[in-house]
Structures are given as C-alpha cells and as structure tokens.
Amino acid sequence: MTDNIRVPQSEKSAPRSDINIPFGWRRELTLPSLPEVHRTIPVFTNASPLKKIFTFAGPGYLIAVGYMDPGNWATGISAGSRFGYALLSVVLLSTLFAIFLQALSAKLGIATGRDLAQACRDHYPPFISVILWLICELAIAACDLAEVLGCAVALKLLFNLPIIWGVILTILDVFLVLAVQNFGFRFIEAFVITLIITIAACFAYEIFLAQPLWKEAVSGFIPTMDMFTHREMLYAAIGLLGATIMPHNLYLHSSIVHTRAFAKDNSGKKEALRYALIDSTIALCFTFFINAAIVILGAAVFHHHGLREIADLSDAYQLLSPILGTSLASTLFAFALLASGQNSSLTGTLAGQIVMEGYLNIRIKPWQRRLLTRAIAIIPAILVIGIYGENKVLALLILSQVILSFQLPFAMIPLIQFTSERAKMGALVNSKFTKCIAYIISIIIIALNGELIWLTFF
C-alpha cells in the first residue's frame with residue numbers, strides 16, 4: 001500500500017531542513033510549520049479523482065471558519081435590519097475576493113514549501129519581520145476577542161450567564177482545543193466540518209421560518225449606486241467586507257496545505273493545487289450561504305417589521321422568537337453563535353502557532369500558545385465590561401473588526417508579491433492576468449478598509 005504514496009526519493013533520506021529550498025529564499029528553516037501534522041495525510045497516485053477530492057478536502061473548511069466567525073454576525077444582522085437585502089451584493093463580492101486570496105495562499109504553500117509567515121521571515125529584513133509579526137499577533141488577538149465575546153453572548157442567551165463570567169469561562173476552551181488536536185488533523189477537520197454543518201442547519205431552519213421575499217433577495221445580489229451615495233449604507237458595506245476577509249486565514253491556509261503528502265515535483269504540485277482550490281472554493285461557498293443567511297434573516301425578520309436599528313446580538317435573540325412564533329428560533333440562533341465561536345477558537349489557535357513559529361522560529365507548546373492568545377483577548381474584554389458594563393460588547397466587536405481591517409494589507413501585499421516572483425514560485429508563478437486581478441482586489445480592499453477606519457474614528 002505504501003508504494004502508492006507520493007513521497008519523493010530525496011525526502012525519504014534528507015533531513016527536513018534541507019527539503020525543497022527553491023532559489024529566491026535567503027535562508028533555511030529548521031522545521032516546517034505545524035511539524036506534528038506535516039505531510040501526515042498520504043496522497044495515492046492511482047486514486048480516482050473523486051477519492052483525491054476527498055483526500056484534499058478539509059483545509060478549506062478550517063479556512064471557511066474565519067469567514068463566519070462571531071464578528072460577522074453583528075455586522076450582518078445590522079446590515080439586514082437597516083437596509084434589507086441591498087447589501088447581499090457585498091457578501092457575494094467579499095466571498096469572491098476570499099476565494100481568490102485563499103487560492104493565492106494555497107499556491108504559495110504548495111509551490112514553495114513555506115507558509116506566509118516563513119516566507120516573510122525569509123524575504124524581509126529582521127526588523128520588518130518583527131513588525132509584521134507584532135501586527136499579525138494584534139490581529140489574531142482581535143479575532144480571538146470576537147470569538148470570546150461571541151461565546152460569552154451565546155452563553156448568556158442560552159443559560160443567562162453574565163457576560164463577564166462567560167468571558168472568563170471561555171478560557172476553558174483551551175482544553176477542548178487540545179483534546180481535539182490529540183486525535184490527529186483529520187479529526188480536527190471532521191470536527192470543524194460538523195460544526196459548520198450545524199451552523200448551516202440552524203440558519204436553514206431560521207430562513208424557513210422567516211419566509212424572506214426571495215425576489216427582493218435575489219435582486220440584492222446586484223450592486224446599486226445607492227451603496228456609494230448613501231453614507232450609512234457605505235459604512236455598513238465596508239463593515240461587511242472588513243468583517244468577512246480575515247488576514248490570519250492567509251497564514252493558516254499556506255501552512256495546512258502541507259498536511260497532505262503530495263509529490264514535490266511540478267506535476268505533483270499542480271495536482272495538489274488543483275484539488276486544494278476545489279476544496280477551498282466549495283468550503284467558502286458554505287460561508288457565502290451562512291453570511292448571506294445572516295443578512296437575509298436580518299432583512300426578513302427585522303427590516304420588514306419596522307425594526308431597523310438591530311445591531312446587538314442579544315436584541316436579535318430576544319426578538320426572533322416573538323416574530324417567528326417559536327422559542328426554538330432564538331435557541332438555535334444562540335446555539336449556532338456558540339458553535340461559530342468554538343470553531344473560530346480552534347482555527348485561531350492553529351493560526352497563532354503558525355505565525356509565531358514562522359516569524360520567530362520559536363516553538364512553544366500548543367497549550368501555552370493558546371493560553372497566551374486567550375489571555376491577550378480576555379483581559380481587555382474583562383476590563384471594559386467590568387468598568388463600563390455589558391452594553392460595550394458591541395463596541396468591542398466593532399473594534400476587533402477594525403483592527404482586522406487594518407492588518408489585512410500587511411498580509412495581502414506580501415502574499416501577492418511572493419506569488420508573482422518566478423524565482424520563488426517556479427512554474428506556479430502568477431500569470432499577468434492573475435497579478436492584475438490581485439492588485440485590483442488589493443486596491444479595492446485597502447481603499448475600503450481605510451475608509452472603514454476613517455468612518456469609525458472620525
């Protein structure tokens with residue numbers, strides 16, 4: 001059976017620090033990122049295309065989690081309640097941007113054998129790498145803050161637990177993450193996919209009860225000029241875009257594609273990239289359904305009932321049952337929020353480990369890394385909620401999304417730069433058309449995120 005596994009001859013005998021060091025990188029790294037799961041999933045040369053799709057399926061769903069985290073919920077509900085279905089076009093656009101950027105991330109990892117953090121460390125001077133690392137750590141902490149608050153709000157809604165105690169209780173999910181990791185990477189992928197399906201099922205039921213106006217919803221996927229002339233709608237649109245595209249996912253995807261033991265020759269890399277793109281595209285289509293469902297739910301349940309200032313998740317929970325006529329609607333909403341927070345915690349841990357190992361070449365135990373990230377997230381949350389009260393939860397969620405928006409260019413620009421250099425990418429280098437699309441997307445995202453930061457603070 002092992003004769004069918006694609007493992008290059010040089011890899012069987014060479015130490016890992018000498019594997020796949022292409023021209024264009026300044027120095028070697030002693031270990032790959034996430035070495036405990038590196039190339040642990042075999043790829044068989046004589047397998048059918050369907051089996052190969054199954055073999056490569058998994059990383060895309062871990063990436064998809066970051067595009068449906070609790071930070072998206074408040075912006076989606078607010079956009080739907082205030083503007084109906086009008087901003088569904090932004091959900092579609094952000095999903096298309098995400099598919100493109102995640103494709104570049106997978107391409108970088110497969111072509112070079114490096115994740116984005118390692119690539120930045122190899123390419124830039126040390127002081128630039130340290131700055132990029134600090135900015136990325138801030139973004140991961142901001143993302144973790146959204147997950148903490150999402151879980152805390154869900155626990156309050158389900159069990160009437162005060163939010164400050166829910167925030168403190170979320171530190172226990174460190175042990176959940178560690179328990180899942182002990183069963184291997186395939187189990188992690190299965191666990192994440194199960195939670196995604198659970199979230200999707202909850203929203204499918206909510207949409208069934210809400211009975212949206214589908215003709216208006218379909219027309220909402222077509223952009224209109226109102227988005228650019230209406231200041232508040234523009235702000236909501238930028239918030240939706242900023243809340244959807246997560247910078248740490250670019251680091252994560254470029255690393256976890258290495259869990260598959262594909263051949264490192266050109267044909268093996270091209271095959272791995274083809275199936276990785278199938279995986280991530282299908283997975284991100286799930287995020288499109290869920291993010292669109294959040295906006296549609298806000299429009300159908302609140303906007304068309306005259307409730308057009310719903311931005312708080314607790315308000316949405318309280319109003320769902322009376323409007324839809326069943327208490328199960330609110331319960332499923334809170335349960336899906338809790339599942340979303342737990343899913344995001346798991347992938348956030350992996351991203352944090354990848355970033356620290358890649359930028360600093362420092363290895364610490366996963367539980368230590370998880371405790372560090374969670375402490376950075378919960379300390380400001382406890383202080384703000386303890387001093388100013390639970391009504392500041394929404395402000396904290398918005399702040400976390402602004403921080404993520406600020407960090408995105410610092411991950412996106414190096415990714416486009418590296419994947420456009422033939423010396424680093426070889427045969428998988430970006431074509432001129434791909435580079436053109438990449439820079440157009442980056443300009444749009446940077447401009448809109450800059451506008452979001454300006455509107456938020458000024």
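## Reading a predicted helical chain

Colleague: Is Ile41 buried or exposed?

Modeller: The cut-off for buried is under 20% relative accessible area. Ile41 has 8% relative accessibility, so it counts as buried.

Colleague: Which residues does Ile41 touch, beyond those up to four places away in sequence?

Modeller: Thr55, Phe185, Arg186, Thr259, Arg260 and Ala261. Take Thr55: it is 14 residues from Ile41 along the chain, and their C-alpha atoms are separated by 7.8 Å.

Colleague: How many helices and strands does the protein chain have?

Modeller: The chain has 21 helices and two strands. Of its 458 residues, 57% are buried. The chain exposes about 18,300 Å², and carbon and sulfur atoms supply 69% of that area.

Colleague: What share of the contacts with a separation of 6 or more comes from residues 24 or more positions apart?

Modeller: They account for 86% of those contacts in the protein chain.

Colleague: Now helix packing. What describes two packed helices?

Modeller: The angle between their axes and the distance between the axes. Here, helix α14 (residues 248-256) packs with helix α17 (residues 327-360) at about 80 degrees, and the axes are 9 Å apart. The angle makes α14 roughly perpendicular to α17.

Colleague: Which residues make the contact?

Modeller: From α14 come His248, Tyr251, Leu252 and Ser255. From α17 come Thr347, Leu350, Ala351, Ile354, Val355 and Tyr359. By class, the contact has seven nonpolar residues, three polar and no charged ones.

Colleague: Next, a charged side chain. Where is Lys52, and is it buried or exposed?

Modeller: Lys52 sits in helix α2, residues 49-56. Its relative accessibility is 7%, so Lys52 counts as buried. Leaving aside neighbours within four places in sequence, Lys52 is in contact with Phe44, Thr45, Ala47, Glu271 and Tyr275.

Colleague: And Thr287: which helix holds it, and what does it touch?

Modeller: Thr287 is in helix α15, residues 266-302. At 2% relative accessibility, Thr287 counts as buried. Residues up to four places away are not counted, and Thr287 touches Ala64, Tyr67 and Met68.

Colleague: On to cysteines. How many disulfides are found?

Modeller: The test is a pair of cysteine sulfur atoms within 2.5 Å. A search of the whole structure finds zero disulfides. For Cys136, the nearest cysteine sulfur is that of Cys120, 8.8 Å away. Cys136 counts as buried at 1% relative accessibility. Cys151 is buried too, with a relative accessible area of 2%.

Colleague: Where do Arg39 and Gln211 lie?

Modeller: Both are in loops. Arg39 is in the loop between α1 (9-13) and β1. Gln211 is in the loop between α10 (185-210) and α11 (214-219).

Colleague: Are Arg39 and Gln211 buried or exposed?

Modeller: Arg39 is buried, with a relative accessible area of 12%. Gln211 counts as exposed, at 64% relative accessibility.

Definitions and conventions. Residues are numbered from 1 along each chain as its sequence is written. This is a predicted model: local features need pLDDT of at least 70, side-chain atom pairs count only at pLDDT 80 or more; totals for chains, interfaces and linings use all residues. Side-chain values use heavy atoms; hydrogens and water are left out. Axes are lines fitted to C-alpha atoms, for helices over the stretch in contact, and angles run from 0 to 180 degrees between N-to-C directions. Helices (H or I, at least four residues) and strands (E, at least two) are DSSP runs, numbered from the N terminus. Angles under 35 degrees count as roughly parallel, over 145 as roughly antiparallel, 65 to 115 as roughly perpendicular and the rest as oblique. Contact means heavy atoms within 4.5 Å. Ala, Val, Leu, Ile, Met, Phe, Trp, Tyr, Cys and Pro count as nonpolar, Asp, Glu, Lys and Arg as charged, and the others, Gly among them, as polar. Buried means under 20% relative accessible area, exposed over 50%, partly exposed in between (1.4 Å probe, protein chains only). Accessible areas come from the Shrake-Rupley method with a 1.4 Å probe; for residues, only the protein chains shown count as cover.
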